[in-house]
Amino acid sequence: MKGTQFDIEQVLDLTKWEKLQESIAIATHLAIILVDYRGRPITKHSQVQPFCQLARNHPKLSAYCEKCDSRGGLEAVRTGQPFIYRCHFDIVDMAIPIIVDGHYAGAIMAGEILLTEEQNDLEQVLQLGDQQLVTDFKQEHQDLIARYPRFNREDLNQSAEMLEKLSEYIISEAIKKDYLIKAYKQTLRLSQHEKPLEEGLDLAFVQKDIQQSLLESRLQTEDGVYQATNRLLQPAIDLVFENKGSHVDLPTLASVTNLSPSHLSRLLKEEFGEPFSKIYGKLKVYWAEQLLETTDWSITEISDELGFVEPSYFVRSFKKITGTTPLNYRKNTIEANKRQ
């Protein structure tokens, strides 16, 4: 995605995010809102405190709130970590930056709390001095300020760490979706199909189609062995290819990579975009397709060669992935070759 424009509103499902945001806000007692790089809200405000709601709805004070959000987010970008600070009303907030391809796209803003200790040690990002409007507004609504949740510093730091991990997840999912859509459009442009790409693509369909293309492209080597992008995985993948006629389980694969089964499972999913069990099944079918195209072996012989329990299970697995039976696949391949 180097050099591309990342629009968080386009690649993030805001409806789903707002539901998650609301649940997190209720569980943590933090007010949460998603803002763009200018500090402007792009989601509804979850669990907003009455005082902050009044301020953000005020025709003049709302500009200060957005400026405060913007400065908090930029400071988080500068430090490369969640930034906890005091706003112009001396309320404690924090900014968790959303950075994509080196560019600041927005931030998760959370807080609207008071600390039980060390609050004055926090930086005040927007100092207005004795700005009378702010002073008078605070005096008028002291009862609302007194109702703010109170956190100790350790609990607040833990909440910041949790939101930082959530931000990293948002980035990875958003980039994946944005990349897949762009890659699929490019694939269609390069293909022979002239039908224009329709809006509202089914992302699951796009993922499946591109994953299959990537899998097949990486198998196009002299020895037909998949070349892993993560080198740690290559010993496990080599073992799978060396034992096409048997089923190699995850603990065995983990043993040759010096990784734990759980860690290996996560890396394999990152590599292939879906659980390895699914990719393993697709590999078996890919090998079966090769045998159907290059040999005159029977279905039973191919089933035995690839370690399936019985031919009927092989046929079901093949049809589930390809949409056709092995015999029909062979027939269609032969007919297609004759037409060429």
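Author: Happy to; we will go label by label, bearing in mind that this is a predicted model.

Reader: Why is the contact of Asp36 and Arg40 called a salt bridge?

Author: The N to O distance between their side chains is 3.3 Å. A salt bridge requires a side-chain nitrogen of Lys or Arg within 4 Å of a carboxyl oxygen of Asp or Glu, so the pair qualifies.

Reader: What makes Glu274 and Lys282 a salt bridge?

Author: Their closest N and O atoms are 2.7 Å apart, and the cut-off is 4 Å, so this pair passes too. Glu274 has 11% relative accessibility and therefore counts as buried; Lys282, at 12%, is likewise buried.

Reader: How do you know that Lys138 and Asp90 form a salt bridge, and what does the pair tie together?

Author: The N to O distance is 3.6 Å, which is within 4 Å, so the label holds. Lys138 lies in helix α5 and Asp90 in the loop between β2 and β3, so the pair ties together parts that are 48 residues apart in sequence. Asp90 is partly exposed because its relative accessible area is 27%. In the whole structure, the search finds six salt bridges.

Reader: Where is Leu122, and why is Leu122 called buried or exposed?

Author: Leu122 sits in the loop between β4 and α5. Its relative accessible area is 6%, so Leu122 is buried. Leu122 and Arg86 are 36 residues apart in sequence, yet their C-alpha atoms are 6.1 Å apart.

Reader: What makes β4 a partner of β1 and of β5?

Author: Two strands pair if there are at least two bridges between them. β1 and β4 have six bridges, in the antiparallel sense; one of the contacts sets Ala31 against Gly111. β4 and β5 have two bridges, in the parallel sense, and Leu115 stands opposite Phe151 in β5. Strand β4 is also mostly covered, with twelve of its 13 residues buried.

Reader: Finally, why can Glu305 belong to a surface patch?

Author: Glu305 has 42% relative accessibility and so counts as partly exposed. Patch members need over 30%, so Glu305 clears that limit. Asp296, Glu301 and Asp304 gather with Glu305 in this patch of negative charge.

Key. Residues are numbered from 1 along each chain as its sequence is written. This is a predicted model: local features need pLDDT of at least 70, side-chain atom pairs count only at pLDDT 80 or more; totals for chains, interfaces and linings use all residues. Side-chain values use heavy atoms; hydrogens and water are left out. Patches are made of residues with over 30% relative accessible area and no salt bridge: like charges are joined within 9 Å, nonpolar side chains (Val, Leu, Ile, Met, Phe, Trp, Tyr) within 5 Å. Accessible areas come from the Shrake-Rupley method with a 1.4 Å probe; for residues, only the protein chains shown count as cover. Lys and Arg count as positive and Asp and Glu as negative; His and the chain ends are not counted. The place of a charge is taken as NZ of Lys, CZ of Arg, CG of Asp or CD of Glu. Buried means under 20% relative accessible area, exposed over 50%, partly exposed in between (1.4 Å probe, protein chains only). Helices (H or I, at least four residues) and strands (E, at least two) are DSSP runs, numbered from the N terminus.
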